[in-house]
Number of protein chains: 2
Amino acid sequence: MADEKKLVEDITSMDVDFAQWYTDVVRKAELCDYSSMKGCMVLEPAGYAIWEMIQQNLDKRFKDTDVVNCAMPMFIPESLLQKEKDHVEGFAPEVAWVTHGGLEPLQEKCCVRPTSETLFCDYYAKKIHSYRDLPKLQNQWCSVVRWEKTTRPFLRSREFWWQEGHTAHATAEEAQERTEQMLNVYADFCESDLAIPVVKGQKTEKEKFAGAIATYTIEALMHDGQALQCGTSHNFGDGFARAFDIQYTDKENKLQYVHQTSWGMTTRMIGAMIMVHGDNQGLKLPPHIAPTQVMIVPIMQHKEGVLDKANEIKAMLKKADVRVKVDDRDKTPGFKFADSEMRGIPVRLEIGPRDIQAGTAVLVRRDTNEKKVVELANLEAEVKELLEAIQANMYATAKAHVDNHTFAAKTIDEMEEILDKNTGFVKAMWCGCRECEDQVKEKTGATSRCMPFAQESLAETCINCGKPAKKMVYWGRAY
Amino acid sequence: MADEKKLVEDITSMDVDFAQWYTDVVRKAELCDYSSMKGCMVLEPAGYAIWEMIQQNLDKRFKDTDVVNCAMPMFIPESLLQKEKDHVEGFAPEVAWVTHGGLEPLQEKCCVRPTSETLFCDYYAKKIHSYRDLPKLQNQWCSVVRWEKTTRPFLRSREFWWQEGHTAHATAEEAQERTEQMLNVYADFCESDLAIPVVKGQKTEKEKFAGAIATYTIEALMHDGQALQCGTSHNFGDGFARAFDIQYTDKENKLQYVHQTSWGMTTRMIGAMIMVHGDNQGLKLPPHIAPTQVMIVPIMQHKEGVLDKANEIKAMLKKADVRVKVDDRDKTPGFKFADSEMRGIPVRLEIGPRDIQAGTAVLVRRDTNEKKVVELANLEAEVKELLEAIQANMYATAKAHVDNHTFAAKTIDEMEEILDKNTGFVKAMWCGCRECEDQVKEKTGATSRCMPFAQESLAETCINCGKPAKKMVYWGRAY
């Protein structure tokens with residue numbers, strides 16, 4: 001019994017130290033590891049398998065909206081990065097510079113892409129001539145580099161993996177539609193598949209992307225009440241098109257600038273799943289995204305027929321498109337139970353000699369720990385139903401948590417008071433000026449997360465200056 | 001008719017200038033484009049779609065042998081690169097160096113990975129303790145950077161996309177088995193799916209990978225008779241394990257070094273498909289790997305019912321897992337025929353008012369230009385059969401080309417004579433010494449491609465020095 005005890009003991013309680021709990025889960029579940037390259041992660045097989053599930057799911061959603069994949073170079077020549085003024089100001093302080101190729105200094109230094117707007121613009125300028133060439137709807141899966149000072153597994157690292165979509169359109173309306181469409185794809189993916197409820201809205205001027213005319217975001221609340229930005233979608237208007245001279249001839253034979261968008265989601269979503277769903281036993285993965293949905297644990301596996309039955313069940317479930325494994329390691333069932341829980345596998349299936357004789361198996365839910373004895377004859381239907389029930393329950397639990405941790409404040413004092421006692425989102429009215437936004441942050445530690453699409457009128461005046469309010473804002477302390 | 005003429009005219013005849021023909025096909029089929037970053041490619045959507053097919057196919061084959069995916073950092077600190085002496089000597093002259101992060105110089109410069117042995121070793125040294133931790137069978141899909149002086153689309157560029165598998169084993173035998181197993185996976189993939197016949201063999205000491213004790217390769221012959229290395233698999237023995245101190249406790253509680261392998265295949269395979277299968281009409285893709293297998297071209301598409309029927313056929317074939325599109329652009333059928341041919345789509349399906357009335361459609365093979373009128377009622381079966389027939393014929397055609405361009409030489413004069421008149425592989429005996437290998441290259445321009453597993457005894461003596469021969473070698477001028 002020493003084994004399984006150790007497994008759980010090593011995870012710090014989330015109530016004692018949430019940050020340490022998070023790190024423990026990441027390390028014990030072998031999701032990612034530090035590397036000799038400071039600030040850079042190794043995505044270990046268990047973490048990468050989750051990323052592959054995210055990729056498959058998102059990629060299908062993108063392709064359903066006619067997006068095609070491609071790959072841009074990982075390097076950006078300095079002169080190319082500098083073409084759009086706001087963009088270079090935003091990114092230059094945090095890029096990694098390549099100065100030598102082989103043994104020789106480069107004539108022009110280049111950076112490793114922090115994001116690829118400039119590369120796509122460079123490409124589109126060559127490929128777009130006529131209205132017939134539009135729209136361009138391209139995406140790439142890659143890693144990007146931003147030289148961060150402090151890093152945390154999945155949440156902030158010098159290299160991270162993501163997808164970045166880049167589109168070019170004939171009209172401003174089409175670009176705005178695409179910007180919102182992709183935000184909705186992200187929101188639906190988060191809610192339906194990651195079981196993470198999100199708030200959809202627009203970023204303030206201060207928080208928008210360098211070079212965008214508008215940035216939209218989905219924001220989620222972690223178990224500790226801190227906010228996490230989960231995905232962003234940017235409308236660039238024709239700013240990049242003017243800087244990179246991306247013009248097309250319209251149907252009336254007139255030259256026009258294109259209108260562009262970009263949108264991205266990153267490996268940070270693995271961190272979000274840990275912090276929204278995890279508990280003191282470890283990771284808890286939503287069935288839609290779990291690389292392994294069912295772990296079969298044979299009981300008394302040395303007894304004749306037990307492993308055979310376990311493998312037979314595995315083959316049967318696999319055929320029904322359930323992602324399933326058998327844990328046939330030379331370990332105690334207790335160890336395997338704790339191990340499967342710690343790794344977040346949604347359903348554990350126990351099968352031993354007595355179950356086989358009775359024609360039954362035991363299903364145990366990771367989300368509620370409930371046990372259910374089911375007939376082997378109904379197993380496929382029972383498992384599928386259970387997986388959907390777990391998915392729905394995980395979403396409902398997370399949604400209740402957000403609802404219970406979303407507060408409304410009418411004065412700055414009230415907001416401070418709320419944030420002293422609680423963590424979570426605070427809804428409050430804002431006049432729209434940068435000064436008030438900065439002052440709210442200074443006074444409360446909370447940043448503006450977004451101006452939600454679903455606006456409410458909580459008061460007539462700005463929470464900070466008392467002038468007429470323009471927008472209701474979600475505020476929160478954030479990762 | 002101006003349109004379709006232009007489409008074909010732009011492709012230089014392969015008999016006039018093979019190199020220019022190759023570049024024309026790459027550009028006209030929009031597979032890849034140059035970028036403002038010198039020596040780096042943009043993988044355009046049509047090229048990336050082929051790469052996605054290669055990835056899916058190979059990834060499934062890897063996973064069937066228990067390999068799991070992961071992601072390592074893209075940077076290697078200088079001190080890590082230097083740990084294995086042969087390895088750093090081989091790669092240091094061609095790596096890109098990052099010297100600054102943001103506005104500050106780095107304490108230790110790092111390179112962008114040219115390959116990731118050192119990163120996997122660094123990771124394995126931390127993760128491997130006991131024989132229970134073995135084997136480690138990991139792979140990553142990524143791009144790598146080698147600062148080449150001269151570049152060519154797909155064949156040689158400063159950044160290229162690949163997969164690199166890295167394994168660690170308890171014994172030397174297991175490592176050798178895995179090295180050969182993965183070479184066989186590559187060979188089977190090339191022959192069964194890319195329709196490219198390959199010669200399997202071992203590289204000479206001179207040509208082996210920096211740090212390996214043995215490198216195995218598959219070599220293919222392009223249409224112009226030049227050889228192309230298509231995939232390599234390396235056995236490292238315990239060399240890296242000693243340099244990186246990767247040890248495990250065996251069942252007798254004794255410390256042992258692990259034995260390692262690595263193996264890779266790259267986007268160069270897209271270049272191989274172009275040069276093995278392409279013709280003066282453009283690209284010719286094998287059905288197993290073609291992102292679009294059937295292009296439906298509606299004839300008189302403005303007539304009522306034609307486009308509906310085309311889309312109905314598309315839906316029917318799609319349901320049968322055929323990758324199919326309808327070309328409903330406002331262009332002439334002639335343009336669409338040439339366009340579909342140029343892009344290498346294996347089957348064209350023509351459907352017009354008269355076909356609809358007759359309950360038939362016309363299928364045209366890209367490989368032979370043969371036309372066949374088929375009953376719509378049998379369409380699914382006809383298309384599937386045709387795709388397999390094309391796949392088989394493309395392999396047979398390529399195989400005949402290799403057979404017709406593989407020669408045997410007994411003297412160096414004979415070899416020079418053969419290579420003056422022909423291009424292709426020349427089989428010849430070799431004593432095994434580096435000096436002879438260098439001299440053969442000087443005299444004939446051909447490099448040793450491999451010592452094939454299928455050895456023949458062509459003569460008793462080395463083709464160059466006349467001393468007793470040890471191995472039969474395939475020689476060839478190579479990309």
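**Figure 1. Phe75(A) and its partner across the strand pairing.** In this predicted model, Phe75(A) stands opposite Val112(A), a residue of strand 6 of chain A. The pairing concerned is that of strand 4 of chain A with strand 6 (residues 104–112) of chain A, which is antiparallel and runs over three bridges. Both strands belong to an open sheet of six strands, ordered 4(A)-6(A)-5(A)-5(B)-6(B)-4(B), in which the pairing is antiparallel. Strand 4 (75–77) of chain A and strand 4 (75–77) of chain B stand at the edges with a single partner strand each, and one side of each is therefore left without a neighbour in the sheet. When direction is ignored, neighbouring strands of this sheet are turned against each other by 45 degrees on average.

**Figure 2. Surroundings of Leu106(A).** Leu106(A) is a residue of strand 6 of chain A, and with a relative accessible area of 18% it is buried, since the limit for that class is under 20%. Leaving aside residues up to four places away in sequence, Leu106(A) touches Val98(A), Thr99(A), His100(A) and Gly101(A), and also Trp147(B). Lys251(A), by contrast, is 145 residues from Leu106(A) in sequence and 44 Å from it in space, taken from C-alpha to C-alpha.

**Figure 3. Strand 23 of chain B between its partners.** Five of the six residues of strand 23 (residues 471–476) of chain B are buried, so this strand is largely enclosed by the rest of the structure. Strand 21 (residues 425–430) of chain B pairs with strand 23 of chain B in the antiparallel sense over five bridges, and Met429(B) stands opposite Met472(B) of strand 23. Strand 22 (residues 447–452) of chain B is likewise antiparallel to strand 23 of chain B, over three bridges, with Gly476(B) as the bridge partner of Thr447(B).

**Figure 4. The crossing of helix 3 and helix 9 in chain B.** The axes of helix 3 (residues 45–64) and helix 9 (residues 268–277) of chain B come within 10 Å and cross at roughly 105 degrees, which means that helix 3 of chain B is roughly perpendicular to helix 9 of chain B. Gly47(B), Ile50(B), Trp51(B) and Ile54(B) of helix 3 make the contact with Met269(B), Ile270(B) and Met273(B) of helix 9. By class, the residues of this contact are six nonpolar, one polar and no charged.

**Figure 5. Cysteines without a disulfide.** Over all chains, the structure holds zero disulfides. The sulfur of Cys433(A) is 3.6 Å from its closest cysteine sulfur, that of Cys431(A), which is too far for a bond because a disulfide requires the sulfur atoms to be within 2.5 Å. Cys433(A) is partly exposed at 30% relative accessibility, whereas Cys121(A) is buried, with a relative accessible area of 2%. For Cys121(A), the closest cysteine sulfur is in Cys70(A), 13 Å away and too far for a bond.

Notes:
Residues numbered from 1 in each chain as written. Chains lettered and ligands numbered in written order. Predicted model: local features only at pLDDT ≥ 70, side-chain atom pairs only at ≥ 80, totals over all residues. Heavy atoms only, no water. Axes fitted to C-alpha atoms, helices over the stretch in contact; angles between N-to-C directions. Helix = DSSP H or I, 4+ residues; strand = E, 2+ residues; numbered from the N terminus. Parallel < 35°, antiparallel > 145°, perpendicular 65-115°, else oblique. Contact = heavy atoms within 4.5 Å. Nonpolar A, V, L, I, M, F, W, Y, C, P; charged D, E, K, R; others polar. Pairing = 2+ DSSP bridges. Buried < 20%, exposed > 50% of the residue type's maximum accessible area, 1.4 Å probe, protein only.
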